Amino acid sequence: YTYDRLGNRTSKRDVLAEQAGADLDEIYTYDQQNQLIDLDRVGNHEHFHYDTTGNWLAYRLQCHLGLERPPENTFLFFPILTYFVNLIIGLLD
């Protein structure tokens with residue numbers, strides 16, 4: 001594993017897969033709020049969407065299917081429902 005100065009994982013090298021002849025290494029990218037926004041693996045690109053307050057809104061998976069440049073329609077998009085609730089659960093003395 002490699003990490004940035006803030007402790008975010010920036011890459012993962014899969015040594016066992018490498019010994020078996022497969023490349024399953026991962027690369028991670030973060031936004032300015034240190035939230036994971038991209039995860040790249042051989043054959044897949046995952047993207048995470050957040051709102052301005054940092055709530056997770058959606059997840060997008062794009063499958064490259066062994067092509068250098070994937071077609072535009074080879075992705076899955078999952079919207080995430082978030083609920084804004086203010087709840088008082090107790091008071092401190």
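Is Y1 buried or exposed? I looked this up before anything else. Y1 counts as exposed, because its relative accessibility is 57%. My cut-offs are under 20% relative accessible area for buried, over 50% for exposed and partly exposed in between, with a 1.4 Å probe and protein chains only.

**Ground rules.** I am working from a predicted model, in which local features need pLDDT of at least 70 and side-chain atom pairs count only at pLDDT 80 or more, while totals for chains, interfaces and linings use all residues. I number residues from 1 along each chain as its sequence is written, and my side-chain values use heavy atoms, with hydrogens and water left out.

**Confidence.** I checked pLDDT, the predictor's confidence in each residue, from 0 to 100. The chain has a mean of 76, and 68% of its residues reach 70 or more. Confidence is highest in strand β1 (residues 2-3), at 96, and lowest in strand β7 (residues 75-79), at a mean of 53. I noted that pLDDT is below 50 over residues 67-71, a stretch with 4 contacts in the model beyond near neighbours in sequence. Residues 80-93 are also below 50, and that stretch has 8 such contacts. A contact here means heavy atoms within 4.5 Å. Where pLDDT is low, the predicted coordinates should not be read in detail.

**Layout.** I found 1 helix and 7 strands in the chain. From the N terminus, the order reads β-β-α-β-β-β-β-β. These elements are DSSP runs numbered from the N terminus, helices being H or I of at least four residues and strands being E of at least two. Of the 93 residues, 19% count as buried. Among contacts with a separation of 6 or more, 7% are between residues 24 or more positions apart. The accessible surface comes to about 7,700 Å², and 57% of that belongs to carbon and sulfur atoms. The area is from the Shrake-Rupley method with a 1.4 Å probe; for residues, only the protein chains shown count as cover.

**Aromatic pairs.** I count rings of Phe, Tyr and Trp (its six-membered ring) as paired if their centres lie within 6.5 Å; planes under 30 degrees apart are stacked, over 60 edge-to-face and the rest tilted. That rule gives 2 aromatic pairs. Y1 and Y3 make a tilted pair, 6.4 Å centre to centre with 40 degrees between the planes. Y3 is partly exposed, at 48% relative accessible area. F48 and W56 also form a pair, and it is tilted because the planes lie at 45 degrees, with the centres 6.2 Å apart. F48 is buried at 13% relative accessibility, whereas W56 is partly exposed at 37%.

I placed H47 in strand β5 (residues 44-50). H47 is buried, with a relative accessible area of 19%. Which side chain does H47 join in a polar contact of 2.7 Å? The partner is D38. A polar contact is a pair of N or O atoms within 3.5 Å; within protein, one must be able to donate a hydrogen and the other to accept it, and residues adjacent in sequence count only if both atoms are side-chain atoms. Leaving out residues up to four places away in sequence, H47 touches I37, D38, A58, Y59 and R60. R60 sits in strand β6 (residues 56-63) and is partly exposed at 26%.

**N34.** I found N34 in the loop between β3 (26-30) and β4 (36-41). Its phi is near 65 degrees, a positive value in a residue other than glycine. N34 is partly exposed, at 35% relative accessible area.
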